Structures are given as structure tokens and as C-alpha cells.
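Have a look at the picture first, then go through the points in order.

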Amino acid sequence: MSNNEVNRTRRNLILATSAFGGAGMAAAAWPFIASMSPSDKAKGLGAPVEVDISALEPGAKVVVKWRGQPVWVVYRTKEMMDGLAKVKDKLIDPESKSSKQPAYAKNALRASEKRPEILVLVGLCTHLGCSPSDKLKAVSDSETGTDWQGGFYCPCHGSRFDLAGRVYKGSPAPINLPVPPYTFLSDKRILIGEESKGA
Ligand code: FES
């Protein structure tokens, strides 16, 4: 068995079967997607996590676990991506100059050019580490405020993030949500935790 084959067998293979507002898992909460391999120990040590997003629909989000952290994978629609430019003036760091992301994700969409509609974020608030709630639709309410274009709201102290994980001015969170290293193994499979292939 080659080194590549050995590495591949150690990866966690995860199927992304949930869909926002559609068929799939229950919509009450975003559960961690169960690993299909017995490599929980390797996962805890930081092994890359492989995710199959073939069942992920536009507008949907799934959560996987990597290094004990929730990692969000969001399939953004064109409307969602168009909304990012509309909120630029309301953000602390719209260019993501101070935030953590791989070099290939330091762009307006904070995503790989291979599939820019796919957003990958560590789902922990950069204030005190709560897990923000989904406010994916462009619907304003008492928490998101006016002119909301979709994103995430942290209920702990009211931080707001857009659909690229960029934090709004006035939030206690100081910086954008991190983008973890990831690479596309194919159009439908992502390896989270490894960027050696340059996304
Ligand atoms: S932990 Fe998110 S706003 Fe404080």
C-alpha cells in the first residue's frame, strides 16, 4: 500500500446529506454529520476530514467536526453571493486583512476559486467562542437588523457575520470567522484540514 493510500484510509469520510429548508436532516438544529470511519482518534489529533457534498443543495449548510471544532460548509446561491457586496461598508474588515484564512481564500467571497459558492468556516464566534446561529436568508429581524443580506448571528453578545463570515461593525467579535485550510479532492469532495493542494 502506497503512502497516499495509507493517508487516504486514515481520513474521515463524511457525507453531507443535510439541506437547508429542504429534505435531509431535521431542521431544528445543525447536527454534526456522523463520521463513516473509525478514525475518531485520528480526527481528535487533527487528521483531515473528508466531506462529500454531493447532496448539499444551494442555500444549504452542513456542519462537520474537525479538531473538535464545528466547521460549516455552506452552498451559497448567486443571490447570497451578490448580497456580500451590499454590506461591505458595514463590516469591520471587509477585505479580511486581519482574519485567518488560507491565501487562496483571501478574496471577496473568502473561498476557493474552484468552487467559490462553497463557503467553509470554523463556526465559533471570534468574541468568546459561542456558536453563532444561522440567519442564512436575507430576512431582517430584531437580531439581524435592517438590510440583512443573510449570515450568522451570535446570541451570546450579539455579534453579526455575513455569508462570508465577515463581522459587522458594532459587534463585540473583533475579527472575521476563520476559514480553515481545505482542498477540493473533486467537485463534490472536500478535504478539510489540508491545503497542500492549494484548494
Ligand atoms: S461569544 Fe459571540 S458575541 Fe460574544
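1. A word on burial before anything else: a residue is called buried if 20 or more other C-beta atoms lie within 10 Å of its own, exposed if 12 or fewer, and partly exposed in between, with C-beta atoms placed from the backbone. By that count, 39% of the 199 residues of the protein are buried.

2. Please keep in mind that this is a predicted model: local features need pLDDT of at least 70, side-chain atom pairs count only at pLDDT 80 or more, and totals for chains, interfaces and linings use all residues. Residues are numbered from 1 along each chain as its sequence is written.

3. Now the parts list. The protein has three helices and ten strands, where helices (H or I, at least four residues) and strands (E, at least two) are DSSP runs numbered from the N terminus. Along the sequence, the pattern reads α-β-α-β-β-β-α-β-β-β-β-β-β. As for contacts (C-beta atoms, placed from the backbone, within 7 Å), residues 24 or more positions apart make up 59% of those with a separation of 6 or more.

4. On to the sheets. Two strands pair if DSSP finds at least two bridges between them. Five bridges link β4 (residues 69-75) to β5 in the antiparallel sense, and W72 sits opposite L121 of β5.

5. Another open sheet of three strands runs β6-β7-β8, again with antiparallel pairing. At its edges are β6 (133-135) and β8 (160-162), each with a single partner strand, so one side of each has no neighbour in the sheet. β6 and β7 (residues 151-153) run antiparallel and are joined by three bridges; D134 has F152 in β7 as its bridge partner.

6. Then look at β10 (residues 189-192). Four bridges pair β10 with β2 (residues 49-52) in the antiparallel sense, with D52 opposite R189. β9 (residues 182-186) is also antiparallel to β10, over four bridges, and here T183 faces L191. β9 and β10 form a hairpin with two residues between them.

7. Last, take α3. M80, G83 and L84 are its buried residues. Looking down the axis of α3, the buried residues fall within an arc of 115 degrees, so they line one face of the helix (the arc is that of the directions from the helix axis to the C-beta atoms). These buried residues of α3 pack against β8. On the face of α3 turned away from the buried side are the exposed residues K78, D82, A85 and K86.

Terms used: Contact = placed C-beta atoms within 7 Å.
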